[in-house]
Amino acid sequence: MCAACNSHVFDVLVVGAGIAGCEAALAAAASGASVALASAGATFSGSSFFPGTWGLGLVGPDGEKDEDDLVGAILEVGRGMALPGLARALARGVGPAVARLRQRGVRLLEANNPDERDFIPCFDRAHRSWHGLGRASYRAATGEALGRAGVVTLPHRELLDLVERDGQVRGALLRDGRGEARELGAGAVVLATGGFGGLFSRTLTMPDVLGTAAAVALRHGGGLVNAEFIQIMPGLVEPVRDVVFNERTFRYARVEGLGAAGAERLLDSRGGHGPFTASLPDRAVDLAVAAAGPRGAAVSYDLPARLPEFMQTYFSWFEGTFGRRPDEGVRIAPYAHASNGGILVDERGATGVPGLFACGEATGGMHGADRIGGLSSANGLVFGHAAGLAAAEWAAGRTCEEDEEGRPPRITPEREGEALLALRRAMGERCLLGRTDEGLRETLRLLDELDERNALAGSSRVANATLSARALATAMLARTESRGAHFRADFPEEDPAQARPLVVRLGADGRPVAGPLA
């Protein structure tokens, strides 16, 4: 019996309570399933609710007539990495997802000047249907909906492992804030745990985005696709840290370390997309920022008399939040942000592991080497709903065993901070910008050392973090080219022969192996 939720088992357990997890829980509950929604942090957390940005964009096709064009843009921007079936499911699902939000009472913001070029999504080639997704409104309306649906929320429960019986996932091992780990039974499990941000020392995500669920999925037979494509965003290090930099302001900026020749043209181009990309000449801007070192590169501005709407929103938010304007001087550095890749799923969120589903930023394939801005929120809404429906359907008629009464909780070690700090430092130094064969192999050696030390301590959190990090480094090492969010300093150009996704799975020795998607 689960003392925290006063229930033996659930039909569906959703792990992760950002947008994707909440949508999965609501969809499963609407199908008649009993649902628990667990999360490493508070309910309504994860990247969806990261406070270091001024808002969430939600992009979709401008009506049915625009669906094919959006799918084409996703595939083009993905540089051969996006899977057509997932891209089409994403584009097709945004309209119904928006309708569900409105029916729930979520307030969606509209642009006053939607034709301004700032409302063309990052990396895209055209204006789309654009909304601002208000987090406060989403939290209020969705919280009420979860309560009405009878979803049991279990905040501050970290995923350590999955429970398998008879070759099927039948629950999960969750650790609470006191360090006690207990099994919670379920007919199906949905992973909506976010991306890999927590594996890096400098990250623009919430602390509960641990990056460890990928390791759990791998151990139970799942695969990771496009894991090497981590979005690298410029973020502030002065006057505040861990805040997203508004890329549109590059168009009026001067960046320390960026040579004068062609700088204006490069900065204007760089203002068209938030994350770094190796696929455009304006990568020179990010490389100059990275070369400035830990303190970051200074940014100053020559602003127009009237700011465009998108920028004015940012300036007003910045001044209201931090008590000063961005043009009073900031310093920026590269941060790990969203993940374009993750657990390999189909259009319904199935992982190929019986009873295991996944959705949101924890997954990959619907995006590619680069991702169109605003599609991360869309991804969570569309595939969260699909995974919740599929999990409820799978769980129907499958009765889970009750936890054994009197089973003692498993206690995991508290002294994990030093190992995780070393891991995140290594990933931040060698696995963001400027990856090299030597640096990636050195990272793998360090991860081996951490695993050896952890063998005595037995920390599941450290074991999961090192396996997830090893999977990322393995994928980065296998892609001997630069493409989209992946930049190899020793292979700075794109290789047409590698225009295909890589999938990471565990080999017979339990170590990650990268190979082409079959």
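A search of the whole structure, which is a predicted model, finds zero disulfides, a disulfide being defined as a pair of cysteine sulfur atoms within 2.5 Å. Cysteine 359 is buried, at 1% relative accessibility, where buried denotes under 20% relative accessible area, exposed over 50%, and partly exposed the range in between, computed with a 1.4 Å probe on protein chains only. Cysteine 431 is likewise buried, with a relative accessible area of 0%.

Residues are numbered from 1 along each chain as its sequence is written, and side-chain values use heavy atoms, with hydrogens and water left out. Because the model is predicted, local features need pLDDT of at least 70 and side-chain atom pairs count only at pLDDT 80 or more, whereas totals for chains, interfaces and linings use all residues.

The protein chain averages a pLDDT of 91, and 95% of the residues score at least 70; pLDDT is the predictor's confidence in each residue, on a scale from 0 to 100. Under 50 throughout are residues 1-7, for which the model has twelve contacts beyond four places in sequence, and also residues 404-411, with 14 such contacts, a contact meaning heavy atoms within 4.5 Å. Where pLDDT is low, the predicted coordinates should not be read in detail.

Strand E3, comprising residues 56-60, is mostly covered, in that four of its five residues are buried; helices (H or I, at least four residues) and strands (E, at least two) are DSSP runs numbered from the N terminus. Strand E3 runs antiparallel to strand E5 (residues 129-133), to which five bridges join it, and two strands are taken to pair if DSSP finds at least two bridges between them. Within this pairing, leucine 58 stands opposite histidine 131 of E5.

Several backbone features fall in loops. Aspartate 242 is placed in the loop between E11 and E12 and, although not a glycine, has a positive phi of about 60°; aspartate 242 is partly exposed, with a relative accessible area of 37%. A positive phi of about 55° is found at arginine 79, also not a glycine, which lies in the loop between helix H2 (67-77) and helix H3 (84-104) and is partly exposed at 34% relative accessible area.
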